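Here's a quick tour of a protein model with a ligand in it. We'll look at some ring pairs and then at the ligand's surroundings.

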Amino acid sequence: MNGADLLVAALENEGVKQIFGVPGEENLDVVEALRRSSIKLVVTRHEQPAAFMAATHGRLTGDPGVCLATLGPGALNLTTGAAYALLGAMPMVMITGQKGVLSRKQARFQVVDIISTMTPLTKMAHQIVSPATIPSIVREAFRVAQQERPGPVHLELPEDIAAEKAPEISPVLRHPIAQPIAQSAAVDRAARMILEAERPLVMLGAAASRPRLAEPLSDFVRRVQIPFFNTQMGKGSVAGESGLYMGTAALSERDYVHDAIERADLIISIGHDTVEKPPFLMGPNGPKVLHVGYLPATVEEVYFPHAELIGDVGPSLAVLGDRLEGKLPRAGALLPLREQILARIGDRAKESRYPLTPQRIVHDVRQVMPEDGIVCLDNGMYKIWFARNYRTRVANTLLLDNALATMGAGLPSAMMAAMLYPTRRVLAVCGDGGFMMNSHELETAARLGLNLVVLIVQDNAYGMIRWKQAADGFPDFGLTFGNPDFVAYAESFGIKGSRVGSADALAPALEAAFSGGGVHLVTVPIDYSENIRVLIDELRAHASKNREH
Ligand SMILES: Cc1ncc(C[n+]2csc(CCOP(=O)(O)OP(=O)(O)O)c2C)c(N)n1
Ligand SMILES: [Mg+2]
């Protein structure tokens, strides 16, 4: 038994099934311990996507995903994944190697201070200095990663500690932890505010998407019958078709859903996390806000709730629901706006222009995705269109990152979803920019035998920045690029590729890709002139019309 064996035994005790990453020579004892364990080592072609995959495991299951890297360059490649998990509140454990701490035969070769690098990017960054501490440190790491607010934890295991002989020490046993629920005084205050409201509206934020919350949250909304909208990362948190969905706040102001937000006198903000781009801007005259969360609100210029209901959200909402059910005659006051908002959002969804409009792409993707199919977005302009227009009825079926909002996570997050749910359809939607940031992982996806379709929306540009450039009145400059032949590129990985040649060919191409199985790349050209036409001109005109009234 050595330090590495103790580490791997502790990971098995945590229920870890696979570890993603790129080992270095400093990790070889860990690799050997993994070989003899029940845990699968999945090597990736860069450490960053390994961290994106591990973080997505945490996000979808609530159990931390685990990634592995060597010291120095390998560990540094995990940093974007650490930030992704930190801002996105995704439980993850990162393990990196290091040169020996007791003797240094290679002096400072490859040595950088990874603990200091990781400290601001994690909830905890810790160097292991003796095998005896490994079982308790690993248990603590998983607890910290998992506890609200969840996030990444980093453990550094130097090679000499990994190799050091050690007696067998039992892992620290896990036990369930029940979180405290909101105090009755807070429930009273919240209930009073809601009972007094004339035009209440529920907002579902990022924390509403925690896997364990789907049921209690859906129950609460169904019981109180108050219409709701969601932030980008709160999408899908209410199950089924409730008839209460008012839209998604993909922009911070002026969108059609803001018609309802501006008219509301109370917003019950469930699980809002200010890491997200603001779903609306609080000001001196706007609606009152009741913050419901696992943790107190973070006060910002644009978010300063008037009351808070803090505690385990599911059970706290159940208690609140008991006080409110059947007592809210004005619950649906804002519902008459619903049809109009959703109709505006559905505009031009069937247009047959080629290259395709973003609205058409979102519409056709929805057509081929079953209710429980999972769409994983990278970051680019299409993210706003999907957040705004794609309807979800099952929790966590539209995975997007509106927190770090990093490019490059779309494909790895979809790979993780496909590994976790092999019988569900999983689609990665990436821009031609973001896809190329981690496109090498197609090899990993093919090697793992995943069933996965990747849709590239092609504009030969960093489209989102080009849109902002135009919207801010700058000349069109510096944001275009060339692309490889994506079909040939796919084929070079031994996977299938196809190009969409007309508006009507997208849905059949996706359908064929899914029914064919395996990994399939589909590329579709996109017409981004709709960005200015709808998201700037149309919404500006709508806002000024609202002001006149
Ligand atoms: C790692 C990273 N680099 C830069 C950015 C800034 N950024 C946001 S969207 C975007 C353009 C994305 O281009 P593409 O993936 O082609 O999508 P498109 O907007 O063209 O559809 C850029 C550069 C970012 N979010 N993440
Ligand atoms: Mg692009």
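## Rings and a ligand

Phe435, Phe486, Tyr489 and Phe493 form one aromatic cluster. This is a predicted model, where local features need pLDDT of at least 70, side-chain atom pairs count only at pLDDT 80 or more, and totals for chains, interfaces and linings use all residues. Residues are numbered from 1 along each chain as its sequence is written, chains are lettered from A and ligands numbered from 1 in the order in which they are written, and side-chain values use heavy atoms, with hydrogens and water left out.

The structure has seven aromatic pairs. For a pair, the ring centres of Phe, Tyr or Trp (its six-membered ring) lie within 6.5 Å; planes under 30 degrees apart are stacked, over 60 edge-to-face, and the rest tilted.

Take Phe228 and Tyr245: their ring centres are 5.9 Å apart and their planes sit at 55°, so this pair is tilted. Phe228 belongs to strand E8 (residues 228-230) and Tyr245 to strand E9 (residues 245-248), so the pair ties together parts that are 17 residues apart in sequence. Helices (H or I, at least four residues) and strands (E, at least two) are DSSP runs, numbered from the N terminus. Phe228 is buried at 5% relative accessible area, and Tyr245 is buried too, at 8%. Buried means under 20%, exposed over 50%, and partly exposed in between (1.4 Å probe, protein chains only).

Next come Phe435 and Tyr489, with ring centres 6.3 Å apart and planes at 85°, so the pair is edge-to-face. Here the link is between distant parts of the chain, as Phe435 is in helix H17 and Tyr489 in helix H20 (residues 486-492), 54 residues apart. Phe435 is buried, at 1% relative accessibility.

Now for the ligand. How many residues surround ligand 1? There are 18, and the closest are Asp432, Gly433, Gly434, Gly463 and Tyr528; a residue counts if one of its heavy atoms lies within 4 Å. Helix H15 (381-389), helix H17 (432-437) and helix H19 (463-471) each supply at least two residues of this shell.

| Ligand 1 atom | Polar backbone atom of | Distance |
|---|---|---|
| oxygen | Met381 | 2.8 Å |
| nitrogen | Ala405 | 2.9 Å |
| nitrogen | Met407 | 3.1 Å |

Taken alone, ligand 1 exposes 580 Å², and the protein buries 78% of that (Shrake-Rupley method, 1.4 Å probe).

Notes. A polar contact is a pair of N or O atoms within 3.5 Å; within protein, one must be able to donate a hydrogen and the other to accept it, and residues adjacent in sequence count only if both atoms are side-chain atoms.
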